[in-house]
Amino acid sequence: MNFSLSEEHLMIRDAAREFAQTELLPGVIERDNKQEFPNELVRKMGDLGFMGIMVDPKYGGSGMDAISYVLIMEELSKIDASASVIVSVNNSLVCYGLEAYGTEAQKEKYLTKLATGENIGAFCLSEPEAGSDATSQKTTAIDQGDHYIINGTKNWITSGGRADVFLVIAQTDRDKGSHGINAFIVEKGMEGFHVGPKEDKLGIRGSDTHTLQFNDVKVPKENRIGDDGFGFRFAMKTLSGGRIGIASQALGIAQGAYELALKYSKERKAFGTEICNHQAIAFKLADMYTDITAARHLVMKAAWDKDQGNNYDMSSAMAKLYASKVAMEHTVEAVQIHGGNGFVKEYHVERLMRDAKITQIYEGTSEIQKIVISRSIIRD
Ligand code: CAA
């Protein structure tokens, strides 16, 4: 067992840290206030290889491992969780989904541009009545021989208004349940595809979240991913990797809040001393550091499982469940340590607290992670 990072991993982490500090930090409060998508920053992250971190270089990716992905995600998320969710969805839901299960033609046509950041991807599973219960897809894709016709509505789609490529999950045969679901590649601009209004959100306000409408969208058969009926398993397998991304986002949010709280507690004085010298604050810092370290171990273990070729359904669910809990609890504590200043935007912790909440909801709520974990325990 080896708990240390390699020289290469340290360099990757430092590059992401440098980018987050110099590029993401300066405008992060303004983007949050204005709900502004970081167009230019996404382009820069593409140049750095952050949009296709694990993708094979022959498809334009960086060819890094999942540990590197986690390190980059943590550093970006410490500063700007809106930017990091764009990175996470593009990497682990869209690029991974295409690279692992797409045809060679699909990879050549779509993956290369997604991995370089020239295009942005979105993953369309959730519906008004199919969030946690993902098998209850109402969106239909009717087989018409050489193409499918897609009809339906998708909700809360990350990068929905900005994406160029959409992986859309739809029901092709209701009688077959989860085996009658398929995944399709839909392009922006296909006739009948409409982007609905942007959501006004509590957190990750710089990300672009929309409802999408599909009205008789004609999708060629070669845009179906995998064999007929593979769509639900495609979604589940892809989401297992996505959960490593969101777990590392939660870890970064928690770490970012902790670092701000520690710094503040060493500067702010009350009752004649820096507040970190009061046990009420020192014990909060001890709890934060311990829980964040435990979360990091779970997140790294899930990434390691992926890199080793082990099954990571359960380890990614545990990492997301725990890291998102730690992020929520300790961003609240970071605000508390900051007192009145914690409630003010310029101190950043209130944004991190708002951003933390979504990590307990998207890519499977905490309750869904417990279903995945408990089923694995009972099955094994
Ligand atoms: N790998 C392979 N196959 C899997 C699988 C996996 N990880 N998980 C399930 N399956 C298979 C099952 O084996 C089963 O196959 P058989 O019928 O052959 O046995 C089939 O899929 C159906 O599985 P279940 O019976 O377990 O299905 P279920 O209806 O009980 O649902 C669930 C399982 C885990 C609750 C699932 O519905 C789920 O994960 N829900 C949450 C959905 C989610 O995460 N949504 C997030 C939206 S995406 C998002 O947020 C992106 C964003 O923009 C940030």
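A residue counts as buried under 20% relative accessible area, as exposed over 50% and as partly exposed in between (1.4 Å probe, protein chains only). The model is predicted, so local features need pLDDT of at least 70 and side-chain atom pairs count only at pLDDT 80 or more, while totals for chains, interfaces and linings use all residues. Residues are numbered from 1 along each chain as its sequence is written, and side-chain values use heavy atoms, without hydrogens or water.

**Aromatic pairs**

Rings of Phe, Tyr and Trp (its six-membered ring) pair if their centres lie within 6.5 Å; planes under 30 degrees apart are stacked, over 60 edge-to-face and the rest tilted. The whole structure holds ten aromatic pairs. Tyrosine 264 belongs to helix H7 and tyrosine 347 to the loop between helix H9 (313–338) and helix H10 (349–358), so the pair ties together parts 83 residues apart in sequence. Helices are DSSP runs (H or I, at least four residues), numbered from the N terminus.

| Residue | Relative accessibility | Class |
|---|---|---|
| Tyrosine 264 | 9% | buried |
| Tyrosine 347 | 27% | partly exposed |

Tyr96, Tyr101, Phe230 and Phe234 form one aromatic cluster.

**Helices H4 and H7**

Helix H4 (residues 66–79) packs against helix H7 (residues 231–267) at an angle of about 45°, with the axes 7 Å apart. Axes are lines fitted to C-alpha atoms, for helices over the stretch in contact, and angles run from 0 to 180 degrees between N-to-C directions.

Key
Helices (H or I, at least four residues) and strands (E, at least two) are DSSP runs, numbered from the N terminus.
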